[in-house]
Every structure is written in C-alpha cells, then in structure tokens.
Amino acid sequence: KQYYAMRPSLAIPRERVIDLDGRFGLHPELKPLQAMWESKHLAIVEAAGSPDPTRSHFDAQDYMESGTPGRKATRDGWLNRALVAQEAKSSPVRAVAVGPNLPRTLRGSNSAVALNSIKDFAVRDEMALAGFRKMYSQTADAELSGKGRETFEAMNLLASLRKSEYVPANGAQYPGGRLGQSLKEIARLIKANVGLEVAFADMGGWDTHVQQANPFSNLLREFGQALAAFHQDLGAEQGHVLVVTMSEFGRTARENGNQGTDHGHANVMFAFGGGVKGGRVYGEWPGLAPEQLYERRDLAVTTDFRAVLAQAVTHHLGQRDPAAVFPGFQGQASFSLF
C-alpha cells in the first residue's frame with residue numbers, strides 16, 4: 001500500500017508484477033531473468049548501497065568504484081586491488097573494461113586495458129603503429145611506458161580473435177544497446193581462454209527525473225535481455241563466472257511532481273553464476289513508512305555494498321584478505337551468497 005501511495009503514476013500494477021517469493025517482484029520488463037530466478041541461478045540483494053550520504057553522481061560513483069565511501073584520497077579501484085598477485089607473468093587482458101576509458105575501479109598497480117570492442121582494438125596503419133611503439137618505448141615516464149607495453153601486448157593477443165565473427169552459443173541473442181554488446185565482448189574473451197580474470201561493463205541513462213515510466217521500462221528491457229543472453233551464451237561456463245550488478249545509489253521512494261524520481265539512497269544488487277545460491281532475496285527490508293525512510297525520503301541502506309563484494313572477492317577471486325580490497329571496512333553481511 002505504501003509503494004502505491006508514494007508512486008501513484010509510476011507504480012507497476014499488481015497483476016503485471018513478476019512474483020518472486022510472495023513479497024518481492026520484478027518489473028515486467030525483467031521477464032528474461034525469471035527463468036534464472038526459478039532455476040535458482042539468480043540472487044537479489046535488496047536495500048543495498050553506500051553508507052555515504054552524498055547525492056552527487058560523481059562522488060557516489062567514485063566511492064563505489066574506489067570501494068572507500070567518503071574517502072576521496074584513494075588512488076586505485078577496488079576491482080584492481082582484488083586481483084590476486086601472481087608470480088608468473090599474467091595475461092595482458094587479465095582485467096578488461098569494455099568502453100573508451102579505463103574506469104576508476106580498474107585503475108591501480110595491476111595491469112588493465114579498456115577496449116570498445118575486440119574488432120576495433122587495433123592500430124591498422126602499420127607506420128602509425130611503429131611510431132606509437134617507438135614513442136612509448138623511448139619515453140622517460142616509466143608508468144606511461146608500461147601502459148603502452150601492456151596495450152600492445154593485449155593487441156597482439158587478441159589479433160586472432162579479430163579475424164572471425166563471434167556467434168553466441170545456445171541461441172543467445174544480445175540486445176543492440178551498450179550493455180548487451182559489452183557483455184557479448186566479455187563472453188567472447190571468456191570463451192577464448194585468453195586469461196581474463198575480471199571485466200567491467202556499464203550502462204547509463206538511469207537518471208530519470210522526468211516522465212520516468214517509458215525510459216525506465218526501456219532501460220530495464222535492455223538490462224534484463226543483456227544479462228539473460230550472457231547467462232545463456234556462457235552455458236556450462238557460467239559456473240566459473242560470477243556476475244554482480246550495482247549502482248551508485250537508488251531513487252527517492254516517492255515520485256516527484258514531474259512523474260519521475262530523484263537521487264535516493266539504497267538500491268538493489270543482482271548476482272548470478274560462480275556458486276551463487278540463487279532463487280532468494282537477501283538482506284533486511286527497512287520498510288517504507290515515513291519514519292523508516294532515510295531522511296524521510298529514501299529506502300534506507302541495510303546492507304553495505306562492500307559486504308556483498310567482499311564475499312565475491314573472497315569466494316570467487318581467491319582474495320584471502322578482503323580488508324586489503326576494502327580498507328577501513330569491518331562490517332559483514334548477515335547472509336552468505338555462496
């Protein structure tokens with residue numbers, strides 16, 4: 001009743017909600033995920049988020065990717081720190097971000113590369129390539145020289161993949177948007193066995209302050225189709241691959257005067273694959289009564305996002321010391337995803 005009272009124009013009618021457990025449900029555009037839930041592959045963490053109160057997209061995303069909410073001085077990202085040190089030389093595509101720039105979460109002492117697509121990750125002009133190699137090899141900047149070397153090594157490794165078109169397995173069909181195509185590239189790298197350990201993909205457009213219903217539905221359609229296609233494409237490989245989704249913050253519980261929502265606090269995390277105990281909603285529901293809302297306007301955070309990620313890096317990446325990945329964090333989740 002509180003949900004429908006707070007969102008008179010945006011609430012999803014009861015008969016259209018995809019029932020999960022009699023209490024929680026999925027938006028109808030997330031129907032592609034229903035089979036993953038019913039087969040107990042998909043887990044959901046509700047009321048998750050950052051303890052930092054900022055409503056700035058820039059700051060909230062920075063804290064989410066650094067893994068140190070409230071601390072701006074952190075120089076590297078939690079996903080880079082999560083990579084376990086290896087004695088032997090690691091793959092030049094050990095850590096990959098699909099996009100034009102390396103995200104904050106993959107910056108740090110461990111090597112990582114950003115690519116828009118495997119097909120375009122090359123310098124096709126041989127003279128230009130020779131010039132770039134010479135420039136990076138002769139620079140006095142050791143960090144720049146190292147990054148250049150890592151990039152050229154990655155290009156060489158992926159050269160054979162660029163020669164053929166990728167056909168997803170098991171009839172999987174990725175949507176044409178940014179997230180779907182990014183996950184398609186990641187699936188290709190996984191199945192090519194090139195040494196990929198962690199990957200990052202993002203999807204924008206969620207800042208729905210005005211006339212939210214249609215844009216939000218379209219975003220959820222792409223989101224659900226992309227995750228389901230990735231799961232289907234990997235098939236048996238999915239048991240070795242863990243997917244976790246997160247956002248920098250949620251939206252206000254009440255809709256605003258423009259039939260949209262504003263910057264909020266708690267949101268939801270999805271996880272599947274890699275030994276996840278799916279078919280369950282994890283976390284503690286804080287309630288929607290005015291006195292239960294954060295600052296009387298947002299869903300309150302009851303699970304720190306780091307508590308979920310700490311389980312992921314411990315159980316899936318083999319990181320024995322989660323405190324090294326999330327410095328200063330001493331909390332833990334009240335549940336086990338694995």
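## Helix α7

Helix α7 comprises the 15 residues 178-192 and, at 1.5 Å a residue, should span 21 Å, which agrees with the 21 Å that separates its end C-alpha atoms; the expected span is 1.5 Å times one less than the number of residues, and helices (H or I, at least four residues) and strands (E, at least two) are DSSP runs numbered from the N terminus. This is a predicted model, in which local features need pLDDT of at least 70 and side-chain atom pairs count only at pLDDT 80 or more, whereas totals for chains, interfaces and linings use all residues. Residues are numbered from 1 along each chain as its sequence is written, and side-chain values use heavy atoms, with hydrogens and water left out.

The buried residues of α7 (under 20% relative accessible area, with exposed being over 50% and partly exposed in between, for a 1.4 Å probe and protein chains only) include Leu 179, Leu 183, Glu 185, Ile 186, Arg 188 and Ile 190. After α7 comes Asn 193, which has a positive phi near 55 degrees.

## Ser 66 in helix α3

Ser 66 belongs to helix α3, residues 57-66, and counts as buried because its relative accessibility is 0%. Leaving aside residues up to four places away in sequence, Ser 66 touches Thr 74, Asp 76, Gly 77, Trp 78, Arg 81 and Arg 104, where contact means heavy atoms within 4.5 Å.

## The whole protein

The protein has 10 helices and 10 strands, and 50% of its 338 residues count as buried. Of the contacts between residues at least 6 apart in sequence, 68% join residues at least 24 apart.
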